[in-house]
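Hi everyone, thanks for coming.

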Amino acid sequence: MIKVGKLAKYKTDDTVLVEIVSTYNKADIDPNCPESVAIIGMVKVVYISGSEQGKHRALSTRNFYHFWEVIND
């Protein structure tokens, strides 16, 4: 489960860790049809180890679950 403050590790490289900073919903509006709106769940993380240490990144919840595994305390 995605909760703020939890750590997650990259599924293919255990040395890369991130901390979940926030979760939010993003509206995806089709420019050709303003009535068409999709709500996309997003996860904002900060890398705490690895080559991208200190960088922030936002991922869709779907991609987060595909590439990352939340570490249970």
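**A walk through the model**

Let's start with Ser60, which counts as buried at 18% relative accessibility; buried here means under 20% relative accessible area, exposed means over 50%, and partly exposed is in between, with a 1.4 Å probe and protein chains only. Ser60 sits in strand β4, residues 56–60. Which residues does Ser60 touch, not counting those up to four places away in sequence? They are Ile40, Gly41 and Met42, where contact means heavy atoms within 4.5 Å.

A quick word on ground rules. This is a predicted model, in which local features need pLDDT of at least 70 and side-chain atom pairs count only at pLDDT 80 or more, while totals for chains, interfaces and linings use all residues. Residues are numbered from 1 along each chain as its sequence is written, and side-chain values use heavy atoms, with hydrogens and water left out.

Now, the whole chain. The protein chain has one helix and five strands, and along the sequence they run β-β-β-β-α-β. Its radius of gyration is 14 Å, well over the 11 Å that the globule rule gives for 73 residues, so the chain is more spread out than a compact globule. For the record, that radius is taken over C-alpha atoms, and the rule is 2.2 Å times the number of residues to the power 0.38. Helices (H or I, at least four residues) and strands (E, at least two) are DSSP runs, numbered from the N terminus. The C-alpha atoms fill a box of roughly 45 × 25 × 20 Å along the principal axes. Of the 73 residues, 22% count as buried. Taking contacts between residues at least 6 apart in sequence, 41% join residues at least 24 apart.

Asp14 is exposed, with a relative accessible area of 52%, whereas Lys9 is partly exposed at 24%.

Asp14 belongs to strand β2, which covers residues 13–29. Follow the chain from Asp14 to Glu69 and you pass along 55 residues, yet their C-alpha atoms are separated by 9.8 Å.
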